[in-house]
Structures are given as structure tokens and as C-alpha cells.
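Here is a protein to look at together. Take a moment with the sequence and the 3D view, and then we'll walk through some parts of it.

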Amino acid sequence: MNIQSMPVGPIGTNCYILEEESSRLSAVIDPGGEAHCILSALNGAEVRYILLTHGHYDHTGAAAALAAALPQAEVYIHEADYRDVDPGLFPLRTELAGVRFYGEGDHLPLGALDIQVLHTPGHSEGSVTLQCGGALFCGDTLFAGSCGRTDFPGGDTAKMMASLRRLGQLEGDCQLLPGHMEPSTLDRERRGNPYLRQAMSGGF
């Protein structure tokens, strides 16, 4: 498994390219902008999926351009963020046809890899975390030392706390790959992230 990270778009959202090395199949996660840079970074890998952790513009801004350039790629998002998010935050509905929906418990094969979908609402109703092996692509749910804001349409503090608690209770340590800022590990956040610690203690 090979993972590339690159900041893209107007606020430097972390876009990830996940590649299964033997097949050279890949998934682009949260293409927030600069489609030309993402395409260049693929270096010949075949894109099987374009995966969106949620519907906000800074995570979806290049999805339509990538889908046009990569017609074989399937675009996935949780249905709640396709149907219900404020179009000012989520313009994708008017830009992209043929979107597929994923949700809790779904699995997407990528060569020998398996991408599991965890529904982790709170930042938005349709936020998901994508788990692949020991990596968690958690969008704007869990950050290094922080968590996603809940004051946008579709945000919910109680649901965010439940989602953080769920992530904190996953078995073992994981590489934490958030939508913004630097990467971390789940063990590090369990020890030092005040929001995760509060969620795991049952507080709000």
C-alpha cells in the first residue's frame, strides 16, 4: 500500500492518493482542487475510485474535473451529503452526474486492499471515515489535536462526540490521515487530543 498526500485547493485540503502497488490500482480521496496536480501525481496508476469523505466544497472541488478526465473511476459519497447539504457548501450536485452512494459497513475492493466505510457524522450528516489496513482517512472528523467544527448546516455536536468515541475505540493503533493539518496516529490522539479524550470519557 502506497499513500501520497498533497495539499490542494483554496485552503490546502489534504488530498490522498491510495495505491495498491501490485495492481497499480488507486483511489483519490478528497480531491479539493487543482485537478491537474492530482492527475500528474498519479504517475500512470489506474484510478478505480474517487472517494469523498463528505460534501464540502474544499473536499470536492476537483471531483467533476477528475471524473471527466478519468471516466473509468467511480465517484462515491454518502447520500446524506449529496441530498441535504447546503449547495453553498456542496456544489457537486450541479457539476457531477453518476455519483454512487456508500455508507456504514460498505467495502470497496482495490486490488488486494479493502477499503471499509465507517459513517462518522458530526461535521456533516454524511461524513465518513475510510479505513484501509492500518490507515484512517477521516476527513474533517478527527484532526491532530482537534476535531471538525459542527456549526455548518448538517453539523451536530452530539453526533461528533459519538463518532470520535467510535474512532477512539477502534482496536490497535492506526495512521491518522485527516482532511487538514498534519497526520498523526490514533494512539497519539487517544493520549493527547482533548476532544477525543472527552468523547471517550462519555462527556459532551
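Predicted model: local features only at pLDDT ≥ 70, side-chain atom pairs only at ≥ 80, totals over all residues.

**The open sheet**

Let's begin with six strands that make up an open sheet, in the order E7-E8-E9-E10-E13-E14, with mixed pairing. At the edges sit strand E7 (107-110) and strand E14 (184-185), and each of them pairs on one side only. E7 runs antiparallel to strand E8 (residues 113-119), and four bridges join the two. If you want to spot one of the partners, find His107: its bridge partner in E8 is Gln116.

**Strand E5 and its partners**

Now move to strand E5 (74-77). E4 and E5 pair in the parallel sense, over three bridges. E5 is also joined to strand E6 (residues 100-101) by two bridges, again in the parallel sense. Tyr76 is a handy landmark here: Tyr76 in E5 is the bridge partner of Leu51, and Tyr76 also stands opposite Arg100 in E6.

In a regular strand, side chains alternate between the two faces of the sheet.

**The nonpolar cores**

The largest nonpolar core has 24 residues, and Val28, Ile38 and Ile50 touch the most other members. Several elements each supply at least two residues of this core, including strand E1 (2-8), strand E2 (13-20), helix H1 (35-42) and helix H3 (63-69). Strand E4 (46-51) and E5 also do this.

Leaving aside neighbours within four places in sequence, Val28 is in contact with residues including Ile17, Ile38, Leu42, Val47, Ile50 and Leu66. Apart from this core lies another one, of 20 residues, among them Tyr16, Ala27, Ile115 and Ala135.

**The largest pocket**

The largest pocket has a volume of about 190 Å³. Its lining is made of 12 residues, and those nearest the centre are Asp58, Asp140, Arg149, Phe152 and His180. What kinds of residues form the lining of the largest pocket? They divide into five nonpolar, four polar and three charged.

| Residue | Relative accessibility | Counts as |
|---|---|---|
| Thr120 | 0% | buried |
| Asp30 | 2% | buried |
| Met181 | 46% | partly exposed |

Thr120 is found in the loop between E8 and strand E9 (128-132). Not counting residues up to four places away in sequence, Thr120 touches Ser127, Val128, Thr129, Thr141, Ser163 and Leu167. Thr120 counts as buried because its relative accessibility is 0%, and the cut-off for buried is under 20%.

Asp30 sits in the loop between strand E3 (25-29) and H1. Most residues other than glycine have a negative phi. Asp30, however, has a positive phi, near 60 degrees, and is not a glycine. Met181 is not a glycine either, and has a positive phi of about 70 degrees. Look for Met181 in the loop between strand E13 (175-178) and E14. With 46% relative accessibility, Met181 counts as partly exposed, whereas Asp30, at 2%, counts as buried.

Key:
Residues numbered from 1 in each chain as written. Heavy atoms only, no water. 1 Å grid on protein atoms, 1.4 Å probe; cavity = no way out; pocket = protein on both sides within 12 Å on 5 of 7 lines; lining within 4 Å. Points joined across faces, edges and corners; volume = space filled by probe spheres on them. Nonpolar A, V, L, I, M, F, W, Y, C, P; charged D, E, K, R; others polar. Pairing = 2+ DSSP bridges. Core = buried A, V, L, I, M, F, W, Y, C linked by side-chain atoms within 4.5 Å. Buried < 20%, exposed > 50% of the residue type's maximum accessible area, 1.4 Å probe, protein only. Contact = heavy atoms within 4.5 Å.
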